[in-house]
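Keep the structure in view while reading.

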Amino acid sequence: MSHLSDDTMDRARQLVELYPHPRSALVPLCHLAQEQDGWLTPEAIAEIAELVGVSPAEVHGTASFYDMLHTEPVGRYVVAVCTNIACMLRGAYELLEHVEQRLGTGVGGTSPDGLFTVEDAECLADCGRAPCVAVNHRFFGDVTAQRFDALVDDLVAGRLDDEVPPHGTLIRVRRHGGLRVGADQVAAERRAMAERAAAAKAAEAAEAEAEAAAAKDAAAEEAAKDAAAAADGADEAHGADEADEADDVRPADGGS
Amino acid sequence: MADPVVTSHHARAPEAAPGDVVRVTIDGRVVEASPGQFLIAVAEQAGTFIPRFCYHPRMKPVGMCRMCLVEVAGPRGATLQPACYLPVTDGMEVVTTSDKVRKAQDGVLEFLLVNHPLDCPVCDKGGECPLQDQVLSYGPGESRFVEEKRHWAKPTPISDLVLLDRERCIQCGRCVRFAAEVSGEAEIDFAGRGDQVEVAIFEKQPFSSYFSGNTVQICPVGALTATPYRFTARPWDVEQVESTCTTCALGCRVAVQSSANRFTRMLGVDSDPVNQSWLCDKGRFASASASSPDRLTEPLVREDSGELRPATWEHALSTVARRLAAARDEHGAASIGLIGGARLTNEDAYAWCRLAKGVLGTDSVDCQLGDGLPAELVLGLPRATLDDARTAKVVVVVSGDVRDELPVLFLRLRQAVVDGGTRLVELGSVPGSLGTLDVAVGHRAGDAPAVARALAARGACPAGVDPVQWGEALSALSVAGEDGAGVVVLVGRPSLAEHSSVAAATARVLAGAWPAARFLPVLRRGNVFGALDMGLAPGLLPGRVTLDAGRDWFSAAWGQVPARSGLDCAGMLGAATDGTLAALVLVGADPLGDFPDRGLADQALEQAPFVVAVDGFLSPSAARADVVLPVPLAHERSGTTTNVEGRVTRVAQKLVAPGQSWPDWVVAVELAARLGCDLPYSSVSDLWDEIEQLSSAHRGLTRSVLDSLAQRDGVLVPLAGTPVVLSRRPPAPIDPIATPGIESVERQGAPLRAGLAEPLGGSDDEAVVAAAAAAVRGERAEVTAGRGEPAEAGPQVGPEPLRAGAGGPETAAAGAPAAPAGSPGALEGQAAEGQAAAPSAEGSPPERHQRPAMLRALPEAPVPALPPTDGYGLRLVARRTLYDDGVAVDVNEHLASLVPPLQARFHPADLAPSAGPERSLRIRLRSRRGVVTVDALADPSVARGTVVVPFNVGGDGAEGGAARLIGADDVVVDVRMETVAP
Ligand code: SF4
Ligand code: SF4
Ligand code: FES
Ligand code: FES
């Protein structure tokens, strides 16, 4: 019996196959395991090591490097209070003091009810709404002491369950068709790339020719315009591809 | 093959054609180097030391600590670059002492000390610490940091032998790199980030490596300390001597350190051909066992009451002499048997061989305990050197797990497979540490000869072998020649439950099919190869000659040699049980622990009329002897030892043996005297001189050669017939930062120097080498230089065979004692083209005739037929483990806990009827010989139908463990599993 659930194991194996070297999947696998348990249990570390072919000490060593991976148990909610410059100027330290008091634990600790773990964080890239707090990587801006208390009440009451999943969950909607990019998709992308490149080259050549001729030949002008138009068309096609890929759910844009 | 991942942080030096030379200017001096060398090493060779922490000459550079920054001219002016990470290129201009460099060094050291606790007064490393030393030499002198340092609980154990002090760690990465890169067990790694970086183990898995002690040796600060050494000494308190580890047959070079006749520690010396500075933990820490209170300190004699009581040497020796003489007179010399001798130095072994074969006249002598290979096969196989094995195209392994048998050989071969492109194919019924690196071909125990034959013929996949593995094995082999060119075979005993004839047949098959292949016999006892070279085996005489080939030569020198071949260990134990063995001498042998058939060993010791044990401990077998004679152990004696490849190195005495111990050779000489024969040895040097004079394999290897600094790494024998492999360049001096403990002690006034009992102050002159080379060719050459001595010693150094006329009855009957040996009559027939000086009586001019030819032919080794398995469906595989119940581990408080439990491993499918796959359960294993109760464990790597049990590992109430199940004559052992009522 493995510690990781069958579903997690399945996804883990798929991830491992994505990379030329299994060990490249180490960090993604840590996130997977953390999604299951909220933190990286020793059992999970041992299984990840097995999956990617390194020693458990190496998994632990790598995981301990990253703040988003926890090698100690954490509460259901990890509350990260930004203390970087923008937030600091707008009262982050006072807020942090309040958070600690309200939750009954200091930075790095977990509240007595086991629900909340407090962290101080560097800039969360939400400076426009400073001071800012992230709960399980979902952002809450313009946080005051009162708003924080309300947020805690909401979380405890389960009113925010849709927006704030348990700790460890990075995304809640996955791409269809698993993690692998299909071979045909890759081939299509390659073809499009080649076409774009060819078109761009043709345009360049045509332009150069036109200049070399140094004549305001109407026919040459016509050709150059055509080529430029073709290149634009290819760019648009690429943009559409990118839009297709962005189907993960956006982090909840909370606030109280 | 190994994981092809290339970790990008390793600098890769460009490939260079041999012979290419680049010129580098270092501080204005032009220095020549070969391309690909790293700047730090080139500078060091040129006499410019660049400070460093993370760089270690035996590991890949990582450029992590920045201590080695130097200025290197480039297109954009001079820039600071790490010398350890920079391969030299032609025209490179380097400055190592500019203001900019000094400022960089100041900065690096100031930063390293920001969090360093500076608890030098209570730190093991204090006085030999590269951080201390380099801060003093290159540091700014004072720090601008006044902030609180980081604090951590300390020390924390990372293994049973190593403690970690995270506050002292400077994150050089040497230890974690050693674990990942050298030993291949990345059980320690950095954890955390920024100033919170720490070396850490995974909480559920300690750093259980067999090689953990090396991390302590290379840690450049006191962050890693060894539990056994902690707080025992300071570098300025200790003395040291260079010696050879004799815990196994690899013979790693070591520095042995002691304080006031108390062993403190052993450190690895960098010997390029052998251990490249690494040691295994058993070798490193087992020496401490010598100072155990359990050591024997006085002779013991069994009294009429049946008790072993302390006695005087005189009483003990005359008892032994009287009983041995009586046995010889009443039952003939062949009724005396001698087991053991692999613990001895070459000189001790030679003295005991002469006592047994030349004085007592018995050929029943065996330095192996039924756990090795036939002696003539070992000597007859074309031997590989360790470097041959490391550079082989393909290594074929048919032996026990090399990591357990010859641990540091595993490191060398692992490196060859992982980094050097050597392919490796292992045959066996359970994959070993080497097989898991490349190709492991699983087969049923007992089938090895057939599988080997198919492999050599590159034939079809034999029955019972996985076709996929077979395909991989054949493809690995494809890089080797049809005739075995480029192949090195490691041949040993994959299982002690398999008769040695199976292993012998396997080796014979491979040697026959691959005439160009070379072999390394995986025998692990300390000086087993030296003992074999000294003739401690049935049918052999010193110098790798057979009894028949050497009869005339040695009868002339010794007065007599046995007429017929004698018994091996199993034969002697068998003879003891049927009453034909009258006396048994155990020289550092413990058949109860080591002989594969515990039942036979038990019965033999029970029934042998007279047993003498010559030992440092009262081993279980010694406890059953009639007389026990105490002798020195490792580091308490001097002499030479011979390793697995035939390398003769010096063993130096550092400690005085406890109590009244007498060196083994003295015991032999004293016994001989009491048997009426004076052996002419008054020192170890006398013995070596005689070996050099008489042995065909050691001709030319005089004391002055052995003692010269240029031969510090030892000399490969046999010398005769091979090009002289004497080194002309002294090995590099001890690296102060790579192995700080050795160099610092030297700096404190205890130089690292090994010598024979009477060192000659060895000359490093070419003349010594020339003289040795001449002697090997059989010519006479004088050493003219300094304090050397003639390579072919004059008559006064020659042996004086059987000086006295008071021989025992049988010796007298042989007619030898009165006549000076080497009498022309005995030798005439051989005098034709011989060159070397003959053994001669005192004062008479040396005769000229030929030394006997060394054994070259391989003995026949027929493939034994396997018995039917009726009713006993599981085949037993008994594997040796590094730590077992042997006495050196048993009495060692730090190692005893590392002995694995007595667990039987099965393929899950074989265990399924009785247990869930992950449950361990108590079962009984029953063979035709006996029953043992063990814990059963499922292990998917074990082949179906096989049960794997560690050998000489006791477990509760199962005294004798696996050896209870094994019969000495069984070709293979089949067992069945019985459940035990809970
Ligand atoms: S423990 Fe020692 S060897 Fe390991 S990283 Fe720290 S200083 Fe280096
Ligand atoms: S490998 Fe053998 S010789 Fe080397 S340290 Fe270990 S026991 Fe000693
Ligand atoms: S400073 Fe707080 S989110 Fe940027
Ligand atoms: S960076 Fe060169 S020795 Fe550490």
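**Domains and confidence**

In this predicted model, chain B is divided into four parts: domain 1 (22-112), domain 2 (294-372 + 525-693), domain 3 (375-522) and domain 4 (874-979). Domain 2 of chain B is written as two segments, 294-372 and 525-693. Domain 3 of chain B covers 375-522.

Take domain 2 and domain 3 of chain B as a pair. Their centres, taken over C-alpha atoms, are separated by 33 Å. The two domains also touch: 11 residues of domain 2 of chain B are in contact with 14 residues of domain 3 of chain B. What is the make-up of the side of domain 2 of chain B that touches domain 3 of chain B? Its residues divide into five nonpolar, three polar and three charged.

Chain A has its own division: domain 1 (6-65), domain 2 (77-157) and domain 3 (183-245). Between domain 1 of chain A and domain 2 of chain A, the C-alpha centres lie 29 Å apart.

Now for confidence. The model scores ipTM 0.82 and pTM 0.86. Chain B has a mean pLDDT of 87. Of the residues of chain B, 87% reach 70 or more.

Two stretches of chain B call for separate reading. Over residues 1-8 of chain B, pLDDT stays under 50, and the model has seven contacts there beyond four places in sequence. Residues 782-848 of chain B also have pLDDT below 50. For residues 782-848 of chain B, the model has 153 contacts beyond near neighbours in sequence.

Notes:
Residues numbered from 1 in each chain as written. Chains lettered and ligands numbered in written order. Predicted model: local features only at pLDDT ≥ 70, side-chain atom pairs only at ≥ 80, totals over all residues. Domains from an automatic or database assignment. Nonpolar A, V, L, I, M, F, W, Y, C, P; charged D, E, K, R; others polar. pLDDT = per-residue confidence, 0-100.
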